[in-house]
Amino acid sequence: MTLSIAGRCLALLALAALPGIAASYPAASGDAVQGATGFELVGQQTQGGWLRGTAPAGAGEVRLGGVSVPLDAERRFFIAFDRDAGPDGLLEATLTDGRTVTTKLAIAPRAWQIERIAVPLRPSATPPAEFLRRRSAEVARIAAARAIDSHSEGWRQRLVWPVRGRISGRFGSQRIYQGVPGSYHSGIDISTGQSGTPFVAPADGVVILAAESPFTLEGNLLMIDHGMGLNSAFLHCSQLLVKAGDVVRQGQVIGRIGMTGRASGPHLHWSIKWRDARLDPPLLAGAMP
Ligand SMILES: [Zn+2]
């Protein structure tokens, strides 16, 4: 089987979309789920998915898996589920009268695109000291950016696709080398066949990182905080059209796609995280229009 490698992430391992494997995604607006405990929840209760909710009347605090989740003034909140989350989650609210209400979440598993390779995972030669020094500084900048809470309300919007194109690498796809798993693909790759195509903000937000020079792996990296722990990252850009601290609106052009960093061809790698959980973009934006 020959796979085209144009327009994929190299370091982050993407698999080309295979003919005949059509991922079926539910509508991004989500399905309403149970409200018996007073929680109102709408979203995709699955690995890589998310829920927007309203806490029960009188709720002072909400916790997911024992970890506090912030509420807005109308008791609304956002939670999400990592690619490897589940099968169960526990959502709790402590009411101002001291009672605690709980609801159990069943997080549906996904069938990830897994390719088994009969060759060993390439042994990693010790990277040069100069690379390690640069890389640790880049990783620290990414972590510092993700720690910023901009108080944006983009998390309340249905996300839009940053650019239309061919899906050249799916979220969650992974290669297994003689039984040893490589790291899975952390975002979705979108190819338009060329560099320079403008892309837009998928939701309102604040720019938390705009690389002034290319990162070793991500190239020209742009990160947008959508509030409540939700953020987007855009990799391999040829040009960034916003700078750190800028407030951006959904649909605003924020950069141009490219192949800076480690990429096999021009494409936009779009990844979404909620806290430490990696999410599947089509579950938030729906099918490519
Ligand atoms: Zn990618």
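Arg256 is partly exposed, because 19 other C-beta atoms lie within 10 Å. The cut-offs are these: a residue is buried if 20 or more other C-beta atoms lie within 10 Å of its own, exposed if 12 or fewer, and partly exposed in between, with C-beta atoms placed from the backbone.

This is a predicted model, in which local features need pLDDT of at least 70, side-chain atom pairs count only at pLDDT 80 or more, and totals for chains, interfaces and linings use all residues. Residues are numbered from 1 along each chain as its sequence is written.

**The whole protein**

The protein has two helices and 22 strands. Both are DSSP runs, numbered from the N terminus: helices are H or I with at least four residues, and strands are E with at least two. Of the 289 residues, 40% count as buried. Take the contacts between residues at least 6 apart in sequence: 67% of them join residues at least 24 apart. Two residues are in contact if their C-beta atoms, placed from the backbone, lie within 7 Å.

**Around Arg256**

Arg256 sits in strand S20. Leave aside its neighbours within four places in sequence, and Arg256 is in contact with Gly196, Thr197, Pro198, Cys237, Ser238 and Gln239. Phe199 is 57 residues away from Arg256 in sequence, yet the two C-alpha atoms are 5.8 Å apart in space.

Strand S20 belongs to an open sheet of three strands, ordered S14-S20-S18, with antiparallel pairing. Strands S14 (198-200) and S18 (239-240) stand at the edges, each with a single partner strand, so one side of each has no neighbour in the sheet. Two strands pair if DSSP finds at least two bridges between them. Gln239 has Arg256 in S20 as its bridge partner.

**Strand pairs**

**The hairpin and beyond**

S2 and S3 form a hairpin with five residues between the strands. Which residue there takes a positive phi? Gly48 does, near 80 degrees. Gln44 has Trp50 in S3 as its bridge partner.
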